[in-house]
Amino acid sequence: MVVSINKTTECGGHLGTGGMGKAQLGLHFARQHHQRYSAVIWLNTSSEVTLKAAYVSLAQRIRRHNKHRETGQSEVAEQLKEEQAVQLVRQWLSQAENKTWLLIFDNYDDPRLPGIRSSTGYDIRTFFPYSTQGPILITTRSSRTTFAKPVRLNKFDLNQSLAVLTRRSGRQTQEDVDAKKLAERFDGLPLALATAGNYISQTADSFGDYLHMYEQSWEELAKNSDNLK
């Protein structure tokens with residue numbers, strides 16, 4: 001999952017298309033192993049704007065914590081500017097005594113790296129700590145973030161898809177023609193299969209009912225999209 005990219009930094013990435021469950025896998029890893037880390041920090045990296053906002057929020061928490069430790073009070077009057085917040089967080093993560101954290105950058109789908117042109121993209125490495133005592137996990141759709149070791153997530157085959165529907169719905173699928181049609185329609189995407197199974201487990205709807213509802217929703221979405229042109 002992780003690989004050393006310099007003497008102190010470990011970085012790995014969950015790579016897959018939308019619906020593969022990259023974020024969910026990262027969340028599962030964080031929950032399973034949180035006791036190994038002094039802190040687990042989850043950041044929305046869908047754009048540089050959202051990541052900077054997350055750093056501002058994190059910087060404020062760090063400042064309140066430091067002030068409370070020093071004075072017993074936690075009120076921080078002034079708001080940091082974005083660049084100040086980014087530098088503060090990077091420095092805080094790099095402190096020698098601040099070790100064994102887990103840093104998760106979620107939805108880094110718009111990179112701006114050598115060979116990649118993007119008017120809205122950015123280089124996430126400018127937000128990395130200067131030196132680190134913990135691993136960095138990135139979820140992304142891009143296969144060109146070569147500075148991290150990728151863990152590619154593959155689609156399920158038909159039998160695996162049916163197994164997800166069975167487990168999530170609590171119903172048998174092997175002899176259900178509509179369950180097979182639904183599994184094929186979702187093309188092995190874990191999130192779509194899990195969502196369908198969870199919904200069916202809470203209702204009286206059959207696999208065929210869910211497939212019909214799904215197809216109707218797509219038709220309505222396509223019609224509304226045409227009206228926006």
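Setting aside its neighbours within four places in sequence, Thr173 is in contact with Leu162, Leu165, Thr166, Ala179 and Phe207. Keep in mind that this is a predicted model.

Where does Thr173 sit? Its place is in the loop between α4 and α5. Is Thr173 buried or exposed? Its relative accessible area is 1%, and buried means under 20%, so Thr173 is buried.

Helix α4 covers residues 158-169, and helix α5 covers residues 177-185. In general, two packed helices are described by the angle between their axes and the distance between the axes. Here the axes come within 9 Å. They cross at roughly 115°. That makes α4 roughly perpendicular to α5. The crossing of the two is right-handed.

Which residues meet there? From α4, we have Leu158, Ser161, Leu162 and Leu165. From α5, they meet Ala179, Lys180, Leu182, Ala183 and Glu184. Sort this contact by class, and you get six nonpolar residues, one polar and two charged. Look back at Thr173 for a moment. Its contacts include Leu162, Leu165 and Ala179, and those three also take part in the meeting of α4 with α5.

Next, the cores. As a rule, in soluble globular proteins, nonpolar side chains tend to be buried together. In this model, the largest nonpolar core has 26 residues. The ones with the most contacts inside it are Leu51, Tyr55, Leu103, Phe105 and Ile124. Which elements give two or more residues to this core? They are β3 (40-44), α2 (48-71), α3 (82-94), β4 (102-106) and β5 (135-140). Helix α2 gives the most, with six residues.

Take Leu51 as an example. Leave aside its neighbours within four places in sequence. Leu51 is then in contact with Leu43, Asn44, Thr45, Phe105, Tyr122, Ile124 and Phe127.

Last, the whole chain. How many helices and strands are there? The chain has seven helices and six strands. Along the sequence, the pattern reads β-β-α-β-α-α-β-β-β-α-α-α-α. Of the 229 residues, 38% count as buried. Finally, take contacts between residues at least 6 apart in sequence. Of these, 70% join residues at least 24 apart.

Terms used
Residues numbered from 1 in each chain as written. Predicted model: local features only at pLDDT ≥ 70, side-chain atom pairs only at ≥ 80, totals over all residues. Heavy atoms only, no water. Axes fitted to C-alpha atoms, helices over the stretch in contact; angles between N-to-C directions. Helix = DSSP H or I, 4+ residues; strand = E, 2+ residues; numbered from the N terminus. Parallel < 35°, antiparallel > 145°, perpendicular 65-115°, else oblique. Left-handed = near helix turned anticlockwise from the far one by under 90°. Contact = heavy atoms within 4.5 Å. Nonpolar A, V, L, I, M, F, W, Y, C, P; charged D, E, K, R; others polar. Core = buried A, V, L, I, M, F, W, Y, C linked by side-chain atoms within 4.5 Å. Buried < 20%, exposed > 50% of the residue type's maximum accessible area, 1.4 Å probe, protein only.
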